[in-house]
Every structure is written in structure tokens, then in C-alpha cells.
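User: I would like to go through this model term by term. Please set each value against its cut-off.

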Amino acid sequence: MLSSVQSSAKSALPVHRATSVNPKALAWVVSPAWDLCWLLSGFWLPLLVFLPVDWSEPLLWAVTLCLWIAHRLSSAYLAWCVPEYAAVVKQRLRYFVGLPLLLLVGLALWLLPSETLLPIPRVWRLALVAVMDYFWAIYHFARQHYGVLSIYRSRQGQVSPSKAIVPLLRWDHYVCFAVSGGVSLMMDLHYGAFDPLRVWNGWLSGGLWTGQASLLKAVLSMGIGLLWSLTLWRYRQHQHSVPRMLYASSLCVLTLVSLYVPPVLYFVLLQIQHWLVSLGLTQSMTRRSQQVIETPWYRFWSMINARAWGALGVLVLLSLGLTRFLEADAQLLDQLPAMQLQGGLGLYIAATLAFWSAAVHYLYDRGVFRFSDATVRKAAGPLLF
């Protein structure tokens, strides 16, 4: 974050300055136990691998139903249901309203017309959107990791990055994109995730490097281990906090474990970690909301946000209700190997909404955590610090 966060955060910290709070305690986002549950879940999520099969499958289904769409709506919840963000949305209506509407119209015009109206096979139209969504999601995951590392850096008083620390921030970028983005891409190529799309005209049939799986995983493991060691060394050189080092470690640990589990678990472990970070931060930020806006809309949401699990409860309920409708994209993608899509117009409308909700989530996440914007810093500062 930039220097303006400090002025917006000062009003949120008088209690810490007026009392003899241990400065090390302030390095955690909430507390060691809370951070371990929500942000450092990379340490305990691998334990799911050891659950009996008859337990793990129902558990993973339940977690998906409760958290998948909940996390997708979390940044929209911050934007529209937390009073501190009202000024951000008002100032950037084109971004928070205009751009999502433009995306919805564009997706509808691309996916919904019949092949008579738009002489491009619908299967190729769907495949193009799926590939774009995939790479956008990889970028989104890596940016989230970088954002959490930035929050931990800011909580130890390094709000304004000095010239000496800029190379370390650049290093954080490299690590997040390599460990989260690069390894995920390599493993998806290895598992043949792109085969159904016929993107490579059969070149990746059966997956890439399938015959050299052990060698591939060994090389990736050594690369992750090297980045992990160098990251901890650099953090110690700059006297960074233990929580920040733990988050970078949890990311590396989870990625290492994901290399050696079945493809489904590999995908699920990384997804759940992403969901927990998003929902944990949303719940923590809404609980810290103090601003009052005297309108029926914000009075209602302020009452919800004041409750211990208010925001999270609303998001989980929405997830349980909407998952069935926002999974239509997955239903159509399952048909891609046959290169023949089945289903009526209703299914394509639902798939359009599913892709659109994912894209809006990427946009809103950037919008509510874009700390280069002074208005965002002013809104997010008291909620994070």
C-alpha cells in the first residue's frame, strides 16, 4: 500500500497507541488463531487428504456449496453493503456498474445467438470464454496472495514502501505468480486440462509430460523449495513479521502438497484456500465497519455487519441458493470433449450468468482492494488496520 493508507488508518488505531499492546500482536490481521483458520489455511488444508474417502467427498461437496459462490459475492458485498465503500462506488460508478453491464451484454451477444445468427460454432465460442476465464482466474489467485502479503507488511508499520523495499515487493510479485500461477498452469497442462478444448489440436492429448510425471513434479518441488528459502531469507534481512513469513510459507506448503495428490484434490485444495482468504477478510472488514449512513439500505446492512457472523452468514445462504444456477458453465464445459453441446436456451443463459458473475468478481476484487486509489485507501484503511 502507499503512504496515504497511513492517514486513513490512524483513526482506527488510537486504542493500540493509548494502551500497552504488544506490537507483535498487531502484526496479525486479527489474532494468531483467526489468521491460522482463515489466511494460513495452507498449513492445515492438506490434512483433508488423510480423511477417509466416505468422509472427504461429502465434506468437499458441503464446503463447495457453502463457500464457492459466497466468495464470488464477497467483494460485491464490501462494495455495496459496507458504508465505508459508499464513496468508492459513487466515485467510480462506471467501473462498478457500467463495466459489469457492458460485460454482461458482451457475453450474451457472444454466447446466446444461434449459429444461424452468429456463424461461429457455439462450442468454440464457449471454449474461448472458458480459456479467457481460466487465465483471468490464475492472475486473480496470484494477485490475492500478493495482496495478503501486502496487508501483513502494512500491519507491521511499513505502510509506505521505501526505495529499499521496492525490490522485495517485486520479488513478492514473482513468487506469487510463479508458485500460484506458473505451477498451476504447468500442472493443468500435465493433467490434460486443455485437451477438451482442442486448443492444441491433439498435441497435449492425454496431458503434457505424462510419462515423466515424477521428473516434472521433482523439478517443480525443487523450484518451489528454492523460492521458499530465498523468500524467507529476504524477509529476515528486512526484519519482516512472523505472520508475513508464515503466509508465504503456507502458500509454498500447500502448493507442494497439491503436486502429489489426485487431480481433483489438487484443484479443490487450492480453491478452498482462495475462498477462505476472501471470506475471512470480508468478515473481518465488515465487523470493523464504524461509519454510519442514515439510509434504510445502509442501516439494514450495518445491523447485519455488527453481528459476529452476519456478513458470512448472508454470503453462505446466498451460496447455498445460487450455486445450482451458477454452475451451468461447468455443465456445458463437461460436454466439450464430445465437441457437441446439448441444452436449451435456459442453460446457455445460466452459463452466461455464471461466467459473468466470475468476471464481475475479478473486477470487484480489484476495485475494493485497489490501494493505489486514494478513495479506496480511505475506505479500506480503518477496516484493515
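User: What makes residues count as the lining of the largest cavity, and which are they?

Analyst: Lining residues have an atom within 4 Å of a cavity point. In this predicted model, those of the largest cavity are Phe-141, His-145, Val-179, Ser-180, Ser-184, Leu-251, Leu-254, Thr-255, Leu-270, Gln-273 and His-274. Helices α7 (122-155), α8, α10 (242-258) and α11 (263-287) each supply at least two of the lining residues. Helices here are DSSP runs of H or I with at least four residues, and strands are runs of E with at least two, numbered from the N terminus.

User: Why is this space called a cavity?

Analyst: On a 1 Å grid over the protein atoms alone, a cavity is a set of points where a 1.4 Å probe fits but cannot get out. The search of the whole structure finds three cavities of 30 Å³ or more.

User: What is the class make-up of the lining of the largest cavity?

Analyst: Five residues are nonpolar, six are polar and none is charged. Nonpolar covers Ala, Val, Leu, Ile, Met, Phe, Trp, Tyr, Cys and Pro; charged covers Asp, Glu, Lys and Arg; the others, Gly among them, are polar.

User: Why is Asp-172 called buried?

Analyst: Its relative accessible area is 1%. Buried means under 20%, exposed over 50%, and partly exposed in between (1.4 Å probe, protein chains only). Asp-172 therefore counts as buried. Asp-172 sits in helix α8 (residues 166-190).

User: What makes the pairing of Asp-172 and Tyr-235 a polar contact?

Analyst: The two side chains come to 2.7 Å. A polar contact needs a pair of N or O atoms within 3.5 Å; within protein, one must be able to donate a hydrogen and the other to accept it, and residues adjacent in sequence count only if both atoms are side-chain atoms. Leaving out residues up to four places away in sequence, Asp-172 touches Tyr-146, Leu-149, Tyr-235 and Arg-244. Such a contact means heavy atoms within 4.5 Å.

User: What makes helix α16 mostly covered?

Analyst: Eight of the 11 residues in α16 (residues 374-384) are buried. Among them are Val-376, Arg-377 and Leu-384. At the start of α16, a side-chain oxygen of Asp-373 reaches to within 2.8 Å of the backbone nitrogen of Thr-375.

User: What conventions apply to the model?

Analyst: Residues are numbered from 1 along each chain as its sequence is written, and side-chain values use heavy atoms, with hydrogens and water left out. Local features need pLDDT of at least 70 and side-chain atom pairs count only at pLDDT 80 or more, while totals for chains, interfaces and linings use all residues.

Key:
On a 1 Å grid over the protein atoms alone, a cavity is a set of points where a 1.4 Å probe fits but cannot get out, and a pocket is an open set with protein on both sides within 12 Å along at least five of seven lines; lining residues have an atom within 4 Å of a point. Grid points are joined across faces, edges and corners, and a volume is the space filled by probe spheres set on the points.
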